[in-house]
Amino acid sequence: MARFLLDITPLREIPAFRRLWMGSTLSMLGSQFTVIAISLEVFELTRSTFAVGLVGVFALVPLIVAGLYGGSIGDTTDRRLAGLWTTVGLFAMTVALAAHAWLDVRSVGVLYSVVALHSFAQGLNQPVRGAIVPRVVPMRQLPAANALFQLTMGSCLMIGPLLGALTVATLGFQWAYTLDAMSFGVSLWAMYKLPSLPPEPGEHGAARRAGFRSVVEGFAFLATRPNLRMTFLLDLAAMVFAMPRALFPVLGASVLGGDQFTVGLLTAALAAGSVIAGIFSGTFIRINHHGRACTAAVAGWAVCIMAFGAVVLLASHGWGADTVWPLALSCLVLLAAGVMDSVSMLFRTTILQAATPDNLRGRLQGIFIVVVAGGPRLGDAAMGTGGQWLGPGWAALGGATICLLLVLLLVRLFPAFMRYDARDPQP
C-alpha cells in the first residue's frame, strides 16, 4: 500500500528541502488568511463587488512584471541571498498590512497600494524559490518533492480561506494579517540555513546581470525548445478554455443550491482533488514518460469539465430538482478535475525543472509564474463571457471541448513530447 501513497523521502533525507517545505507550508497557509481578509475588508469599506475584483487587477500586473524580473535575478545572483531578501520583502509587506489594520487606516487606496507591492515581492520570490528546489533535491526525487508541494498547496487552498474567514469574524482583520506575518518566520529561517547557491556556468543564454536582456534570453530559449514550450501550451489550453470557477457564483445562486455555501463547496472540491492527488502520488511519481502523463492529465481535466457542464445543463432543465444529486455530482467531477490538474501541474513543473539548464531555471520559472497566474484569469474572463452569452452549462461544456481539441492538435503538432522520458530530460 505504501507504494501508492505520498513519498516523503525528500523530507526524510534532505534537511534543506525539509526546511523549505515547512516554511512554504506555513507561509502559504498564512497567505490565505491575507487573501480572504483583503477581500472582506475591501467589501466592508466599499460594499462593491467591483472594488473587490480590482484587488485581483492590482495583484496581477505587478506579479507578471516582477515574475519575469525575479527569474532573471535568480539566474544571475546567489539564489540563497535572492530568496532570503525577497522573503524579507514579502514579510515587510505583510507587516505593513497588519500595521494598517492595527492603526485603523480605513483606506481602500492604501490596501490597493500594499497589495500591489506585496504582489511585486511575491513575483520576485516565487521564481527564485522554484529554481532553488532542483539545486537541493536530486533529479530522481523531483517528482516526489513536487508532489509534497502540491499537497501543501491543495491543503492550504482548502482550509486556509475557512480559517482566515473565521479569524476575521472572531478576532478581526488585525490578527488575520498578523498571523500571516508570523507565518514567515520558518520561511526566513529556511532560506537563511541554505548553503550558498551561486549561478552555475552554462552555455545556454548565460546572463551577467539581471535585466530586460536576460529576460529576452529566457524567452528565446523557450521558443526553440519544443518540450518545454508544450508544457506551457497545454496549461494555457486548460486554464484559458476550461477553468470553470467564474461560473460558481451564478451556479450557487440559481442552479445547484441557491446560497454562498454552494460556491464554497464547488471551490473546495477542486482543492480537495489536489489533496487527494498528493496523498496518493505514489501511484504516478514513478512514471518516466512524463510527456504522456502530462498530456493525459490535461485531457482528463477537459473530460471532467465536460462532465461538469453536462451535469449543469441537466440541472438547469429540471433534472434532480429539490435533491442533492446535481450538487453532489458536480462536486464529484470537480474533485476528479482537481486530481487531473494536480497531476498535470506536478509533471509540468518537474519537466521544467529537469530539462532546463540551471543557469536558465530562474527565468523559465519566471515565465511559468506569469502563465500560471495569467492563464486562470484569462479563463475567468472567457468562461464568464461564455456563461453570460450561452449559459453556464454550455459555457463549461463548450470550453472543455475546445480544450480537448487543442490537446489533440498540440499532440499532432509536437509528437516528440509524447516520447519525453524523465531518464533523459530533453528541453
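This is a predicted model: local features need pLDDT of at least 70, side-chain atom pairs count only at pLDDT 80 or more; totals for chains, interfaces and linings use all residues.
## Salt bridges

The model has nine salt bridges in total. In one of them, R106 pairs with E44 at 3.5 Å, N to O. R106 sits in the loop between α4 and α5 and E44 in helix α2, so this pair ties together parts 62 residues apart in sequence. E44 is partly exposed, at 35% relative accessible area.

Then there's R135 with D358, at 3.0 Å, N to O. This pair links helix α5 to helix α14, so it ties together parts 223 residues apart in sequence. D358 is buried, at 8%, while R135 is partly exposed, at 22%.

R363 and E217 also meet at 3.0 Å, N to O. Here helix α14 is tied to helix α8, across 146 residues of sequence. Shared partners join D75, R79, R135, E217, D358, R361 and R363 into one salt-bridge network.

## A buried histidine

H100, in helix α4, counts as buried because its relative accessibility is 6%, under the 20% cut-off. Its side chain makes a 2.9 Å polar contact with that of E41. Setting aside neighbours within four places in sequence, H100 touches E41, V105, L111 and Y177.

## Helix α15

Helix α15 covers residues 392-413, and its 22 residues should span 32 Å; the end C-alpha atoms are 31 Å apart, so the two agree. Among its buried residues are L397, C403, V407 and L410.

I279 belongs to helix α11 and is partly exposed, at 36% relative accessibility.

Conventions:
Residues are numbered from 1 along each chain as its sequence is written. Side-chain values use heavy atoms; hydrogens and water are left out. Helices (H or I, at least four residues) and strands (E, at least two) are DSSP runs, numbered from the N terminus. Buried means under 20% relative accessible area, exposed over 50%, partly exposed in between (1.4 Å probe, protein chains only). The expected span of a helix is 1.5 Å times one less than its number of residues. A polar contact is a pair of N or O atoms within 3.5 Å; within protein, one must be able to donate a hydrogen and the other to accept it, and residues adjacent in sequence count only if both atoms are side-chain atoms. Contact means heavy atoms within 4.5 Å. A salt bridge is a side-chain nitrogen of Lys or Arg within 4 Å of a carboxyl oxygen of Asp or Glu.
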